Amino acid sequence: MQKLLLVLFLFFIGSTTLLSQETIKWMSFNEALKAQKKEPRKIFMDVYTDWCGPCKLLDKNTFQNKDVAAYVNANYYAVKFNAEGTESIKYKDFTYTNPDFDPKREGRNSQHLFAHALKINAYPSVVFFDEKGNLIQPLPGYKTPQQLEIFLKMIKTDAYKNITTAEAWQKYQSEFKSTFKG
């Protein structure tokens with residue numbers, strides 16, 4: 001009986017610890033654009049596909065990181081977007097869809113027209129939009145929490161607007177102090 005109580009106690013402690021960990025509060029792009037009208041904030045978009053291994057690693061290793069989740073939640077509207085999905089996106093007076101999507105196809109499918117418009121050619125990619133929903137920059141490839149941190153903070157503070165040369169980028173990187181834990 002004591003062992004059972006101990007196991008239950010440890011399970012309870014473990015589950016409450018998991019529940020207290022911060023996770024990114026994802027929404028659709030349409031929801032983020034609507035939210036921007038009430039409270040302007042930049043958008044951070046994760047562009048993924050269901051078949052993409054590095055996308056799954058980004059979810060597991062980077063987006064589950066408590067520092068990443070806390071920073072994204074505090075400073076951005078976070079959007080999860082399947083680049084081969086069927087979501088209808090209303091952006092800049094145009095509705096983007098995926099008319100060639102084949103629900104019977106396994107693995108890779110046709111690219112969503114919005115992903116095409118963003119010039120996404122690698123998965124995963126993260127895409128940043130300003131407070132008015134204007135595209136700032138897509139960033140292709142898997143990123144660790146520390147690799148993503150520099151971009152999250154540079155975009156949030158608008159420092160990217162002053163980085164117009166390779167030298168300025170090198171200087172920014174060399175002076176950047178990471179605070180995210182691995």
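User: Leaving aside neighbours within four places in sequence, which residues is leucine 57 in contact with?

Analyst: Contact here means heavy atoms within 4.5 Å. By that rule, leucine 57 touches Thr62 and Tyr142 once neighbours within four places are set aside. Bear in mind that this is a predicted model, where local features need pLDDT of at least 70, side-chain atom pairs count only at pLDDT 80 or more, and totals for chains, interfaces and linings use all residues. Residues are numbered from 1 along each chain as its sequence is written, and side-chain values use heavy atoms, leaving out hydrogens and water.

User: Is leucine 57 buried or partly exposed?

Analyst: Buried is under 20% relative accessible area, exposed is over 50%, and partly exposed lies in between (1.4 Å probe, protein chains only). Leucine 57 has 42% relative accessibility, so it counts as partly exposed.

User: Which helix holds leucine 57?

Analyst: Helices are DSSP runs of H or I with at least four residues, numbered from the N terminus. Leucine 57 sits in helix 3 (residues 53–62).

User: How do the axes of helix 6 and helix 7 cross?

Analyst: Axes are lines fitted to C-alpha atoms over the stretch in contact, with angles from 0 to 180 degrees between N-to-C directions. For helix 6 (residues 145–156) and helix 7 (residues 166–175), they come within 11 Å and cross at roughly 110°. An angle of 65 to 115 degrees counts as roughly perpendicular, and these two helices are therefore roughly perpendicular to each other.

User: Which residues meet there?

Analyst: Ile150, Phe151, Lys153 and Met154 of helix 6 meet Trp169, Tyr172 and Gln173 of helix 7.

Technical notes: Parallel < 35°, antiparallel > 145°, perpendicular 65-115°, else oblique.
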